[in-house]
Amino acid sequence: MINIYKFLASIFLVVMFLGCSDKQAKLYNLTPDEWYSQILENIKANELELADKYYVSMASEHVASPLLEQILMILSQAHANNEEYLLANFYLNEYVKRYGDNAEKTEFAEFLKIKANFDSFLQPNRNQKLMQDSINSIEKFLYLYPNTKFKPLVQTMLVKFKLAIYSLDKDIADLYIRTGRDISAEIYKEKLKQSPLNDAKILNPERPWYRRIFN
């Protein structure tokens, strides 16, 4: 009896697999509206990898479709909501490349890229280069869009990134001191002295710095 159940279960899995494969194989030469609806269905079902594949098909079949602009933005936010920030920024870069106008559209996409980088630090992350790159991006953003409506938000992010780098430099200096690497420790101690945050009264976080600062 057990063997019969195993056999039936195996048949069921094979049928399901073939059914899914057949379904995916039939998805070609769709209209832009059909691709759009299919991708939205995949996103709702949290099938982002499939949505990515269907976007490629849609983009290759309908290069000039105005729906591609919306889909790029939707996919970027879907990946950001799923904490896949590199993919989110990939779609935002594609959006700027295709539809950037050096005005409102570009400004919004660049803001979302900054936000995606910031949100990535809500999870444990000690990528100092990404922090510094984010600071550079924010400063460039504020220079290009001095009157942006996102100014209060990005300025807050800028302060938090700078606090994070200062905290990380402090941790590195302490580590070098504890391990007897005096020359390296002095370099970081001097770096901390030159920081505008050196005289600030910063409370030591109870949680890890990368969680406390970005929450």
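The model is predicted, so local features need pLDDT of at least 70 and side-chain atom pairs count only at pLDDT 80 or more, while totals for chains, interfaces and linings use all residues. Residues are numbered from 1 along each chain as its sequence is written, and side-chain values use heavy atoms, leaving out hydrogens and water.

Let's start with helix α4, residues 67–81. Helices here are DSSP runs (H or I, at least four residues), numbered from the N terminus. Eleven of the 15 residues of α4 are buried, so the rest of the structure largely encloses this helix. Buried means under 20% relative accessible area, with a 1.4 Å probe and protein chains only. Leu 75 and His 79 are among the buried residues of α4. After α4 comes Glu 83, whose phi is positive, near 60°.

The buried residues of α4 pack against these helices:

| Helix | Residues |
|---|---|
| α2 | 32–44 |
| α3 | 48–61 |
| α5 | 85–99 |
| α6 | 104–120 |

Helix α5 holds Asn 89, which counts as buried because its relative accessibility is 12%. The side chains of Asn 89 and Asn 117 are joined by a polar contact of 3.0 Å; such a contact is a pair of N or O atoms within 3.5 Å, one able to donate a hydrogen and the other to accept it.

Finally, the largest nonpolar core has 51 residues, and Ile 39, Tyr 55, Leu 75 and Ile 138 have the most contacts inside it. A nonpolar core is a set of buried Ala, Val, Leu, Ile, Met, Phe, Trp, Tyr and Cys residues joined through side-chain atoms within 4.5 Å. Helix α8 gives the most to this core, with eleven residues.

How values were computed:
Helices (H or I, at least four residues) and strands (E, at least two) are DSSP runs, numbered from the N terminus. The expected span of a helix is 1.5 Å times one less than its number of residues. Buried means under 20% relative accessible area, exposed over 50%, partly exposed in between (1.4 Å probe, protein chains only). Contact means heavy atoms within 4.5 Å.
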